[in-house]
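I opened the notebook to record what I looked up in this structure. The entries follow the order in which I worked.

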Amino acid sequence: MSRDRTPRTLGLILLALLVFGQFLPQWTLFLVTVALAKGLVVLGLMIMLRCGLVSFGQALYYCIGAYAAGMLGRLFGASDVFTLMLAGMAAAGLVGFVLGFLLARYRSIFFGLLSLAVSMILYGLLVKTEALGSTDGFHVLPSTLFGLRPADAWVRYTVLAVAVVVAFIAALLVHRYLGTPLGRLAPAIKDNEIRVEYMGASARHAIHVKYVIAAALAGLGGALAATTVGHIDPEMAYWTTSGEFIFITILAGTGNVIAPFLGALVFGVIQTVAFGISPNTWQMVLGGSLLVVIVFLPNGLWSLFRGRKLA
Amino acid sequence: MKIVNVTHGSFYALGAYAAASITGALLAKGMPPSLSYAVLLGSALLVSVIVAPLIERGILRFMYAKDEVVILLITYALFLILEDVIKMIWGVNPYFIAEPYGLLGSFDVLDLTYPYYNLILVGVAIACGAGLAWMLGSTRTGKLLVAVIHDTEVSRAMGINVDRMYLYTFTFGSLLAAIGGAFTAPTVSVVPALGVEVIVLSFAVVVIGGLGSLPGAALGAVMVGLVRSAAIHYLPQAELFVIYLVMAMVLAFRPRGLFSIAEARKI
Amino acid sequence: MAAILDAQGLNKNFGAVTAASDINAAIERDSVVGLIGTNGAGKTTFINMITGYLKPDRGRIRYEGRDITELAPRDVTRLGICRSFQIPQLYASLTAFENMLVGIGVVLRNAGRGGFFSRGRALVPGHDLPAEDVAERILERFGLAEYRDKNAQVLPGGVRKLLDIALTMVAKPKILLLDEPTSGVSAEEKFVIMEMIMAAVRAEGATVLFVEHDMEVVSRFAERVLAFYDGRIIADAAPEIALADPEVKRYVVGGVLRA
């Protein structure tokens, strides 16, 4: 069995970003931080995709995480990055736990569109809620860290640093989870649920657990995105947002926990370029790129590094 | 067809947009409003007969061998593309095509004023449903289609032209979606979000009715429609919620929907 | 001797089809029982009911005295009753080795070992070895070592059967239900395969029920035969007696048995 190089690689990336991040221009810091936020969401989607389940509404939890962070700021003046991220994760995880009871019973199209439906319900609710700014949303307070307010020029770096550390921990934990019996059950559930049951495991329970993990990760990412972008609006729960996450998941592949972040980064670049060329055809570019990836790179970017999936 | 087809929503939107713009253009040129109903149908036909085969022959045909999740994502990608294509052709501003709706006037039932147009909608829906049922059960093509759906390999071995069957099915299915969109167009403002909304609602209908069951779909549609209208009337904020509540309740008692088709024995 | 598995008055109808009609069978510990009957006679339904995949319309099933009629398959498996399938149920996209690891992983988890918070390499209960070693061992015992790294979907039919059975051995079952273990295997190999299976299985001390259509295999390996027809058990005796029974000859064997 090959030695597991993932933790080491993750560590190297962590160090590299922390050290070199100090010298990167503001726009790069922004791009990377957003990539980390989206990467967290996609990390969760990757866990689900391994079971053969595609959530068309992961934006639900992304949005919950963002709004939780925003609300804490609005109601309690909280602006500590860590706290907001944890709050986002907790809120999303809780909702995921409750919804999981229903969703873990379904597969394939049912699962996909049920998740879409729930996220659109949230969208509808938020749009109708004047107190939360309706379609305009509201702003998030400038970030602080453990009570300290960094100088303006250092805010982005600070948020990046926190994001990198959190993403590192999350990736490491998920990597470990994927090596446990429940984690390894994913491709089995996808291939043959009857066999899984007959081995003595509950597919539904396993899916419920994975669903909650994915929800929590998405909430974490949403809170981070809210802090980085500085603004929250209902669009975060819209189906187009979920579409982007799905695209990144397919682009990245399910080979390794590093893949989602890599995919998110590449996506960020594609998005910036595409918007620069033609801002009104984004969905088309997204759809077209998704088709291209499915046909030519079915196992995602990560398969370029490795022939088979690692862990 | 055992394909989960997100593009279906796009055809609904295409039907609505095509109907709205073609009918609007012809009316402006002096077509008598009474012909607008035929034009609605014609637009739906036009748009689906042109676009559906292009998609099926051009892209989908090569993908049938793939994983069902992958096919789902492919139709989703096509949906994304078509959303923008629609925006490119028709823009983002809403279209209104009220003539077919207003032409027939309305009548009074109890307290309510009910437009005659809605009767046409119901009529078209029933005709489509009955037509589909008749086609599947009584025509040769329909029966061949059912065979293909059950097992493509055996069907091929028996000499059925499976590729052509798939083309017919996809086109016919898209036509039905387009008809739905075309005839709904006069009752709403045609906007880009139509596609997504209808997918989400259709899903509720199919889940409640049971996958693979035509009577189930019909019953599901009626239920969803009634519940939605009641919600809009009494509790507008809960409109979307209520449908999913109904869905959850139906699923709690009948996990496969109200009428589910029997599944072949697995072990 | 006390029965380890006791089915009483099992009835199961699927619409107009009677799959089980007043089935009574008490299986003794450590015995080897052959289930014979034509297709549709109710053998697999019997197994499906024991393992909880189907619930009988009437009747009860007891395992070591405990009523297991209403349990789900996963609970039945956890209690020590494992089964193999007529059509091998494998994880198509995983290799033979990975298939085994999934099964072993579940056993570990059910025993509370090898989870997220565990340290080091957990030992599989009953085998007292780490997961990978258990997988290698079982694969070897079934002669599947050379297929270790091949995806399940490319394996030849007989090999898939063996892998399906190998998967059942992971949990060290007390009762093993084998549904047509030698179907899809060539005539010459049937005996060899059956010897291999029985040696591997009996070494663990398990009670075995196997469904079989080849009467020579049945008479060679079974201590007792249950003959099914039309949802009923028409004979319950040692092979020599059961196979000579006129009803069995008529409905199951079909003519004279060549010894």
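This is a predicted model: local features need pLDDT of at least 70, side-chain atom pairs count only at pLDDT 80 or more; totals for chains, interfaces and linings use all residues.

**Entry: two positive phi values in chain C**

With that convention, I placed Asp230(C) in the loop between strand 9 (224-229) and strand 10 (232-237) of chain C. I read its phi as near 55°, a positive value in a residue other than glycine. Most residues other than glycine have a negative phi. I then asked how many other C-beta atoms lie within 10 Å of Asp230(C). The count is 15, so I noted Asp230(C) as partly exposed.

I found a second case at Glu64(C), which is not a glycine but has a positive phi of about 50°. Glu64(C) sits in the loop that joins strand 4 (58-63) to strand 5 (66-67) of chain C. Glu64(C) has 15 other C-beta atoms within 10 Å and is therefore partly exposed.

**Entry: domains of chain C**

I took the domain assignment of chain C as domain 1 (3-87 + 159-253) and domain 2 (91-154). Their centres, taken over C-alpha atoms, are 26 Å apart. Where they touch, I counted 14 residues from domain 1 of chain C and 16 residues from domain 2 of chain C. On the domain 1 side, helix 5 (157-169) and helix 6 (187-203) of chain C each supply at least two residues. Helix 5 of chain C gives the most to that side, with eight residues. By class, I logged eleven nonpolar, no polar and three charged residues on the domain 1 side.

**Entry: chain C against chain A**

I counted 24 residues from chain C and 20 residues from chain A in this contact. On the chain C side, helix 2 (73-79) and helix 3 (96-110) each supply at least two residues. Helix 3 of chain C has the largest share, eight residues. The side of chain C that touches chain A has eleven nonpolar, eight polar and five charged residues.

**Entry: chain B against chain A**

Here I counted 26 residues from chain B and 28 residues from chain A. Helix 3, helix 9 (194-209) and helix 11 (239-253) of chain B are the elements that give two or more residues to the chain B side. Helix 3 of chain B gives the most, with 13 residues. I sorted the chain B side into 21 nonpolar, one polar and four charged residues.

**Entry: helix 2 of chain B**

I checked the length of helix 2 (residues 36-58) of chain B. Its 23 residues should span 33 Å at 1.5 Å a residue, and the end C-alpha atoms are 32 Å apart, which agrees. I listed its buried residues, among them Val39(B), Leu40(B), Val47(B), Val51(B) and Ile55(B). The buried residues of this helix pack against helix 1 (7-28), helix 3 (68-90), helix 4 (99-103) and helix 8 (162-184) of chain B.

**Entry: helices 5 and 6 of chain B**

At what angle do the axes of helix 5 (residues 116-138) and helix 6 (residues 140-150) of chain B cross? I got roughly 80°, with the axes coming within 5 Å. That makes helix 5 of chain B roughly perpendicular to helix 6 of chain B. From helix 5 of chain B, Met135(B), Leu136(B), Gly137(B) and Ser138(B) meet Gly142(B), Leu145(B) and Val146(B) in helix 6 of chain B. I classed the residues of this contact as four nonpolar, three polar and no charged.

Technical notes: Residues are numbered from 1 along each chain as its sequence is written. Chains are lettered from A and ligands numbered from 1 in the order in which they are written. Two residues are in contact if their C-beta atoms, placed from the backbone, lie within 7 Å. Helices (H or I, at least four residues) and strands (E, at least two) are DSSP runs, numbered from the N terminus. Ala, Val, Leu, Ile, Met, Phe, Trp, Tyr, Cys and Pro count as nonpolar, Asp, Glu, Lys and Arg as charged, and the others, Gly among them, as polar. Domain bounds come from an automatic or database domain assignment. Axes are lines fitted to C-alpha atoms, for helices over the stretch in contact, and angles run from 0 to 180 degrees between N-to-C directions. Angles under 35 degrees count as roughly parallel, over 145 as roughly antiparallel, 65 to 115 as roughly perpendicular and the rest as oblique. A residue is buried if 20 or more other C-beta atoms lie within 10 Å of its own, exposed if 12 or fewer, and partly exposed in between; C-beta atoms are placed from the backbone. The expected span of a helix is 1.5 Å times one less than its number of residues.
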